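The model is shown first.

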Number of protein chains: 2
Amino acid sequence: MATPVAIGVDVGGTKLLAASVTADGTLVDRLRRTTPARDEGRFLDVLTEVILELGVDAPIGVGVAGMISPGGVIRYGPNIGIRDLPLAELLSQRVGHAVTVTNDASAAVLAEQRVGVARGLDDVAMFTLGTGVGGGLVVNGRLVFGAHGFAGELGHVVVAAGGRRCPCGSRGCVEAYASGTAMAAIARERLGDHGATSTLRGEPELTGRVVTEAAEAGDELAQAVLAEAGSWLGVAAASVVNAFDPQIVVVGGGAAPRAAPWVLPAAMQSMQPHLLGADWRQAPALELASLGDDAGVVGAALLATEGSGTSSVRAAGVRGGEP
Amino acid sequence: MATPVAIGVDVGGTKLLAASVTADGTLVDRLRRTTPARDEGRFLDVLTEVILELGVDAPIGVGVAGMISPGGVIRYGPNIGIRDLPLAELLSQRVGHAVTVTNDASAAVLAEQRVGVARGLDDVAMFTLGTGVGGGLVVNGRLVFGAHGFAGELGHVVVAAGGRRCPCGSRGCVEAYASGTAMAAIARERLGDHGATSTLRGEPELTGRVVTEAAEAGDELAQAVLAEAGSWLGVAAASVVNAFDPQIVVVGGGAAPRAAPWVLPAAMQSMQPHLLGADWRQAPALELASLGDDAGVVGAALLATEGSGTSSVRAAGVRGGEP
């Protein structure tokens, strides 16, 4: 069996996945925990515990659902309820290894670009569909962090100025149209339309998952809702393609695999006419991610192995603590 | 006087500027011509003529209003009426020097990032306001070309899906709201509103320039039109900032300097609330370009000096022809 080269940790709003990862992105041992939200002490304890339990003498990469400043500081993680926590520094002191911290969707796009569906491609955009919409960008083969570490927030590309209210506080972000939460909201509105028939009527708690399950069972309203979400996703994808011309737009995140049969064709159909040169150029591929829930762990681990010598890792934030 | 290190040529839809350029971006000799549109033979002749007239033994960079494929091929230049012309190859055969071809707005952002208002900053986005809206991106200090050379088309970031018709054939692009052409169109609509008073009423030919001149003369409707264009520009800028997190968003192009007093404050005001983390993060600077009409020439020349050893120049397209 190949030797692990790093530990990857993916910290989502509700669950935390940690694993030892080989150079080709294979997970060796894996651990799963509930994310301790709104409690920095417990948060650090659980991270420390899983890293020590995996017990690999290697660097550690952590992907976090939040905005990460250079130096590995969680500036703002609304879903985990943490602000201004210098995670890389505190965690490396505890575990005695270098720790790299990055945004979870940025970790995911790196994984897909290195060992997933976008393998071997230099320019890759990714949207992650879940409770919200995340994103990440690889340009010239390198993850884009931006000036303050906040790049890749493709969920907040605006598709309709003044449109639907987004959880971020703004309006018209693609997250407000294509997240699981948005799918449920759109379904609720359509059920309110006079004469709409659907198995969703009477569902006690309408969520993105419930909508997707109804679509799979053949419910036409649910299918139309997913296609609507997809068509807004395609508009955001077009803006991203016009801005940086990737070979592929990857769609991942927890909601993607099952919603894909309705979301992806609609996204492709709405993206294409919004591309500059639509009448003669070939649209980039728009494809489902291949690493599923492992993408964040794999990408965080791979980023950690790239060492502090690269500016990408410097930007993501490495703190010393040699073993 | 410093020695020129390259020749830069900026080919716009109506005029063509060529100059010998020093390493610090100073123009030494400069020539101006009318762009021969819809005539490949004349187009090549005029370019050859200005380059030979400048007579500098140095590489040549050409910025063109159009979509440029690797290898320096003009794939699509609607304003100059040229398609699928292998400009770098044909021109280097004629002038006996390496020729680099890139998009004109990409050349402009490179110039602003190397020697203009964004000097020393690694991550820069630029919008150019003219007849249309162009754009360019610098990430990690390097111009972004994308997978097919089409990156940086920020004029076609969508601000309102299904909105105003854009000259590109799509709807809702920021170009359809913030170009000179769009400013005139918005003014025409506002003049149609019942009771609107303005010195613009009765203008035989309403253009972006006429609107700007009226704004400068104190016309409130004209000022409101420019502010409206600016507020749409701010939405597009927010999408770009959420995606790339640059230190600065530069606004240039022929229409920018005089429209800036109304466009820039409105753009800043609408950009800020659309940024993820708007309530705590500092918005990037949004500033007027400093190189004016010279930006394209300077950027094209600087790109040419970076040699075929860098992938950016490979992507922009270099053809041999050593002297």
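## Interface between the chains

Chain B and chain A bury about 3,800 Å² between them, with 60% of that area on carbon and sulfur atoms; buried area is the accessible area (1.4 Å probe) that two parts lose on being put together, summed over both. Asp245(B), Leu276(B) and Trp280(B) supply 19% of the area that chain B buries against chain A, more than any other three residues. The contact (heavy atoms within 4.5 Å) takes 45 residues from chain B and 45 residues from chain A.

This is a predicted model, in which local features need pLDDT of at least 70 and side-chain atom pairs count only at pLDDT 80 or more, while totals for chains, interfaces and linings use all residues. Residues are numbered from 1 along each chain as its sequence is written, chains are lettered from A and ligands numbered from 1 in the order in which they are written, and side-chain values use heavy atoms, with hydrogens and water left out.

The same surface serves both copies, since 100% of the contact residues of chain B recur in chain A.

Helices here are DSSP runs (H or I, at least four residues), numbered from the N terminus. Axes are lines fitted to C-alpha atoms over the stretch in contact, and angles run from 0 to 180 degrees between N-to-C directions.

Helix α6(B) (residues 208–216) packs against helix α7(B) (residues 220–244) at an angle of about 120 degrees, with the axes 7 Å apart. The pair is therefore oblique, the class left over once angles under 35 degrees (roughly parallel), over 145 (roughly antiparallel) and 65 to 115 (roughly perpendicular) are taken out. Val211(B), Thr212(B), Ala214(B) and Ala215(B) of α6(B) make the contact with Ala222(B), Gln223(B), Val225(B) and Leu226(B) of α7(B).

## Helices α3 and α9 of chain A

The axes of helix α3(A) (residues 104–115) and helix α9(A) (residues 295–305) come within 7 Å and cross at roughly 80 degrees. That makes α3(A) roughly perpendicular to α9(A).

Note on methods:
Helices (H or I, at least four residues) and strands (E, at least two) are DSSP runs, numbered from the N terminus.
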